[in-house]
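Open the structure in your viewer and keep the selection tool ready. This tour goes stop by stop.

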Amino acid sequence: MPEHAPVTITPYRDGPLLVRGPVQLEDMHGNPIPVGRETVALCRCGKSRIRPFCDGTHKVVRFRAPTGAEDGRG
Amino acid sequence: MLHAAPDTAQLREPVGTPAPRGELSAVLLGALSGPPFALPADLEIPGGDPLSDDDLHLALYLAYELHYRGVPGADERWEWDPSLLALRARLEERFERALVEAVPCDDPPVAPDEIDLALRGVAEADRGRSLSAYVEREATVEQVREFAVHRSAYQLKEADPHSWALPRLSGPPKAALVEIQADEYGGGRTERIHAELFARTLDALDLDSRYGAYLDRVPGVTLATVNLMSLFGLHRRLRGAIVGHLALFEMSSSVPNGRYARGLRRLGFGEDATAFFDEHVVADAVHEQVAAVDLAGGLVRQEPALAGDVLWGARVLAELERRWGDRVLDAWEAGATSLRRPLANAGA
């Protein structure tokens with residue numbers, strides 16, 4: 001990755017947010033949440049057992065969301 | 001159960017000379033122990049079910065192992081011996097034909113942006129009984145040890161068959177495969193290599209974590225699931241199938257691995273046993289997206305004609321996993337071993 005490449009956050013269709021790049025994950029009190037990998041999947045369906053990380057449960061609950069931005073009129 | 005930290009610096013050399021399972025594997029094992037010579041071109045291919053026959057799949061497994069860690073006691077020059085490669089091609093031809101008969105390659109064309117949805121359709125159509133749900137709720141210690149022995153045939157070389165695809169890809173799908181494989185290989189840290197994590201699980205289950213230690217116990221239906229990956233990985237023409245295989249593998253991993261980890265905890269096992277499965281819950285939540293969208297979608301964007309192969313590779317994985325899971329659950333429900341020979345009891 002080039003030195004100044006921005007961190008990217010990608011909502012995958014019907015799945016998690018994939019965060020690529022050096023980020024620091026913290027709880028609301030500023031305590032670090034260890035990530036331990038280059039690319040991390042953050043839960044978007046709300047049903048993961050290991051939030052804030054994704055554990056694949058979105059498939060079980062048939063979570064649906066587009067990869068792009070929603071316009072709020074759907 | 002306390003275990004010393006694994007010595008990850010040691011060479012994980014394969015152990016044990018496997019026992020033949022029929023005439024073909026007997027001829028092959030006899031030949032491998034000496035310098036190469038021209039194997040007869042008319043060796044009879046075993047006539048049993050090409051998706052599970054013990055003799056056929058042991059012979060094919062050994063032919064492939066020459067390209068991985070080698071076969072204990074075998075002359076390494078056999079790897080590229082033309083007569084052995086010719087025999088392997090005949091075994092592959094029988095195996096592949098049976099795969100096509102079991103899983104027709106007849107998917108309608110799929111657009112690159114829709115591949116992830118089509119793969120999800122394959123995953124959702126999988127009506128196999130759930131081995132992971134059984135392990136989570138009711139498997140005994142003996143049964144989870146058998147499960148680990150079956151899986152050891154692949155998990156001790158986890159990710160290696162898919163790495164054959166790397167030099168066959170370029171651009172975005174190559175980058176996507178590297179993103180996945182880097183994780184599989186521990187991101188550069190030996191102790192995080194997934195195969196090493198699995199060896200720790202075997203140790204924690206009081207099993208032999210040396211490569212190949214249980215080959216004799218693993219039935220053909222299990223070896224077929226490993227041979228499938230080598231077949232797909234070692235043939236460039238099947239690059240679509242190996243990509244589809246990996247995508248479905250990753251897409252059907254996080255949830256079952258969470259169940260396996262909970263099953264082990266239910267039975268009283270600790271972090272050393274569950275680390276492999278816990279890691280896969282998190283890692284494969286990433287990998288499934290990358291594999292389905294960026295790898296499979298990326299490949300089909302470059303080569304639209306491969307869409308059918310991608311989906312076929314995924315369907316074939318589901319089919320062989322279903323057959324394997326049925327065999328294991330049938331045995332367990334009958335109170336029998338799912339292996340060719342039962343294991344000695346833990347601690348014995």
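The stops below cover the chain interface, some salt bridges and one histidine.

**Before you start**

This is a predicted model, in which local features need pLDDT of at least 70 and side-chain atom pairs count only at pLDDT 80 or more, while totals for chains, interfaces and linings use all residues. Residues are numbered from 1 along each chain as its sequence is written, chains are lettered from A and ligands numbered from 1 in the order in which they are written, and side-chain values use heavy atoms, with hydrogens and water left out.

**Stop 1: the interface**

Select chain B and chain A together. Here 23 residues of chain B are in contact with 22 residues of chain A (contact: heavy atoms within 4.5 Å). The buried area is about 1,700 Å², and carbon and sulfur atoms give 47% of it. Buried area is the accessible area (1.4 Å probe) that two parts lose on being put together, summed over both.

Now pick Arg120(B), Val286(B) and Gln289(B). In chain B these lose the most area to chain A, together 27% of what that side buries.

How many salt bridges are there between chain B and chain A? The count is eight. A salt bridge is a side-chain nitrogen of Lys or Arg within 4 Å of a carboxyl oxygen of Asp or Glu. Zoom in on Arg20(A) and Glu179(B): their side chains form a salt bridge at 2.8 Å, N to O.

Next, colour chain B by helix. Helices are DSSP runs of H or I, at least four residues long, and strands are runs of E, at least two, numbered from the N terminus. Elements giving two or more residues to the side of chain B that touches chain A are α4 (115-125), α8 (171-184), α12 and α13 (271-302) of chain B. The largest share, eleven residues, comes from α13(B).

That side of chain B divides into ten nonpolar, two polar and eleven charged residues. Ala, Val, Leu, Ile, Met, Phe, Trp, Tyr, Cys and Pro count as nonpolar, Asp, Glu, Lys and Arg as charged, and the others, Gly among them, as polar.

**Stop 2**

Over all chains the count comes to 33 salt bridges. Select Glu136(B) and Arg262(B), which meet in one of them at 2.8 Å, N to O. Glu136(B) lies in helix α5 (residues 131-137) and Arg262(B) in helix α12 (residues 254-266), both of chain B, so the pair ties together parts that are 126 residues apart in sequence.

Glu136(B) is buried at 17% relative accessibility. Arg262(B) is partly exposed at 26%. Buried means under 20% relative accessible area, exposed over 50%, partly exposed in between (1.4 Å probe, protein chains only).

**Stop 3: a buried and an exposed partner**

Go to Asp75(B) and Arg77(B). Their closest N and O atoms are 2.7 Å apart in a salt bridge. Asp75(B) is buried at 16%, whereas Arg77(B) is exposed at 57%.

**Stop 4: a network**

Select Asp326(B) and Arg322(B). Their salt bridge is 3.3 Å, N to O. The two are four residues apart in helix α14 (residues 307-333) of chain B, about one helical turn. Arg322(B) is partly exposed, at 32%. Then widen the selection: salt bridges that share partners join Asp49(B), Arg129(B), Glu319(B), Arg322(B), Arg323(B), Asp326(B), Asp330(B) and Glu333(B) into one network.

**Stop 5: a histidine**

Finish at His245(B), in helix α11 (residues 239-251) of chain B. Is His245(B) buried or exposed? It is buried, at 0% relative accessibility. Not counting residues up to four places away in sequence, His245(B) touches His162(B), Leu228(B), Met229(B), Phe232(B), Gly313(B), Ala314(B) and Leu317(B).
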